[in-house]
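Please look over the sequence and the structure below. A short report follows.

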Amino acid sequence: MREFFKRHPLIILVIPIGLILYFVYFCIGWNVWVSVSDWKGLTPSYRFNGFYAYTKLFTDSTFWLSLRNTLLLFAIIPICIVLGLLLAILMDQEGLKGSNIFRNLFLLPFTLSFVVTGTIWAWMYNPTNGIINSLFRSIGLNSLAGTWHTSQETVMLSIMIALIWQFSGYVALIFLAGIKSVSQDQINAAKLDGASNLRIYRRLIIPQLKAPLTTAIVILAMYALRSFDFIWVLTGGGPGYASHTLPILMYKETFQATNFSIGAAIGNVLLMIVLVLVIPFTYRTYRR
Amino acid sequence: MEMAQKVPSKVSYIIFYSVLILFAIFYLLPFWGALTTSVKTAKDVAVTSPLSLPTNITLSPYAEAFKELKKPLLNSLLITIGGMLGSVFLGSICGYALAKYRFKYDNLVLLLLISGIFLPYQAILVPLFQTIRALNLYDTILGLVLTHAVYGIPMCALMFRGFYGDIPDCLIQQAMVDGNGPWRIYRKIILPSTRIATVTVIVFQFTSIWNELLFGLIIGGPDSMPATVALNNMMGTLAAEWNVQMAGSILLAMPVLILYVVMGKYLIRGYMAGAVTAS
């Protein structure tokens, strides 16, 4: 054994790679199998049932609503990017004191659990005496006090505002690091040529931020597609079905309604979206 | 060297600071509201504005929240430490092998790990649930440790691969010529010279496992429930008592907040490395 290990030292990698092969790849295959089975209820059943789960899913309006909401969350991506870039540029200003303090404050929401932020935002949005409505009323803007996450019309908007709050500081951090890595010589040269501050950002710095931009888009898209924790805590997918996303629907179908084959099918739909949207995007940007 | 001439004017500084401070208020407002609410009595919560300072400070919401969360917080600590150690160790050896050795199918291993980062967990939850039940690990700390350790491997491995890649190859070649095997080199050269990287990944993994909800919800039960699940359950049962809920949120956030204050530099490094890795 000792001798064998000496001759093949990398054999120890079998443990982590074996775990990944089983818990990621084998489980994906297993899940596909579940999705074409007739498993309903707590006892597993693997009898082949064709595409029953998928037809059932694709004819269910809740599925389409969940898919729409999931894709709707992508709308936070451009907003976080604009906001993050603005904050990064502001923090980058020469001679600005305390920019680290600002950076740490902006990043604070991102460090915390969605369960913490979800609970706090439930209090923020509480219609009777929550933080936001109290604030509006105290400055005489009673008309702006709303029902937020408790009404079907505004629930998705409320979720998106909170997610922008949680993610934009992180995007700012990514952009700030990108800005700092632009060569100082180039910037000085442009300054000597008399270029204005604004022009330097527009013509010199921002065009060099492609890598951080890709990073931000990919990470935000992944969070949007896997959006479970925050929504589960804030609304549980409600009111009604109004804030169901695919991960919420998957959890409810599988672990509450015990429709395991349908839950598995939803998981596969999410996997397909990731394969179609995220991976080619990453690949294309990094191949160049 | 000639000084750059265009330093923004005083007026623009005032604008910059105002905008930044405005945003700082936006980011901090929810925390301020949570903090003031958490030290008010239930009666004061009902009649005062959540943003106003409490007139009579009470810590009883914390006592009440702590009573509910004591065991789950301990569970979270065990799950987090166990899962963190597992994923950091396994990720580290993968990262080392991928950064410093060419072996059969090394590119395939790299691809399998990178793809693992993008896995939407919904696509494996049912098989994971079945596996954990088959191993008799449902509602156990060990089940959650195993789950977090495994699904943390891809991110840790790729972060370590990046950090270890910075170690000069000649150091390793010299050690090999001196007759050291790869794992002796790992212990004697790689680990001692990358302490900061290790701390970075540890802090990153600690916060991500501590903050996680989904696995806890599915694999945890009454015995092994992590604090995230417990706080969420509290919200369902104590809907009216906002002061207790805010106190509970702050208790749950506390370890991460302390880590952020004490080791923020490492956490930010981890976020940057994670960002580069994930794309």
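## Confidence in the model

This is a predicted model. Chain B has an average pLDDT of 89, and 95% of its residues score at least 70. Among the elements of chain B, α2(B) has the lowest mean pLDDT, 83. Helix α5 (residues 125-134) of chain B has the highest, 96. At residues 1-5 of chain B, the pLDDT falls below 50. This stretch has three contacts in the model beyond near neighbours in sequence. For the model, the ipTM is 0.90 and the pTM is 0.91.

## Two domains in chain B

Chain B is assigned two domains. The table gives their bounds.

| Domain of chain B | Residues |
|---|---|
| Domain 1 | 1-58 |
| Domain 2 | 60-278 |

The C-alpha centres of these two domains are 32 Å apart. How many residues of domain 1 of chain B are in contact with domain 2 of chain B? Eight are, and they meet 10 residues of domain 2 of chain B. On the domain 1 side, α1 (10-38) and α2 (42-47) of chain B each supply at least two of the touching residues. The largest share, four residues, comes from α1(B). By class, this side of domain 1 of chain B has four nonpolar residues, three polar and one charged.

## Two packed helices in chain A

Now turn to chain A. Two packed helices are described by the angle between their axes and the distance between the axes. Helix α5 (residues 76-91) of chain A packs against helix α9 (residues 155-180) of chain A. Their angle is about 50°, and their axes are 7 Å apart. That angle is why α5(A) counts as oblique to α9(A). The crossing of α5(A) past α9(A) is right-handed.

Which residues make the contact? From α5(A) they include A:Ile76, A:Ile79, A:Leu83 and A:Leu87. From α9(A) they include A:Leu163, A:Phe167, A:Val171 and A:Phe175. The contact of α5(A) with α9(A) has 18 nonpolar residues and two polar ones. No charged residues take part in it.

## Where the chains meet

Chains A and B also touch each other. How many residues does each chain bring to the contact? Chain A brings 84 residues and chain B brings 76. What classes make up the side of chain A that touches chain B? It divides into 58 nonpolar, 21 polar and five charged residues.

Key. Residues numbered from 1 in each chain as written. Chains lettered and ligands numbered in written order. Predicted model: local features only at pLDDT ≥ 70, side-chain atom pairs only at ≥ 80, totals over all residues. Domains from an automatic or database assignment. Contact = placed C-beta atoms within 7 Å. Nonpolar A, V, L, I, M, F, W, Y, C, P; charged D, E, K, R; others polar. Axes fitted to C-alpha atoms, helices over the stretch in contact; angles between N-to-C directions. Parallel < 35°, antiparallel > 145°, perpendicular 65-115°, else oblique. Left-handed = near helix turned anticlockwise from the far one by under 90°. pLDDT = per-residue confidence, 0-100.
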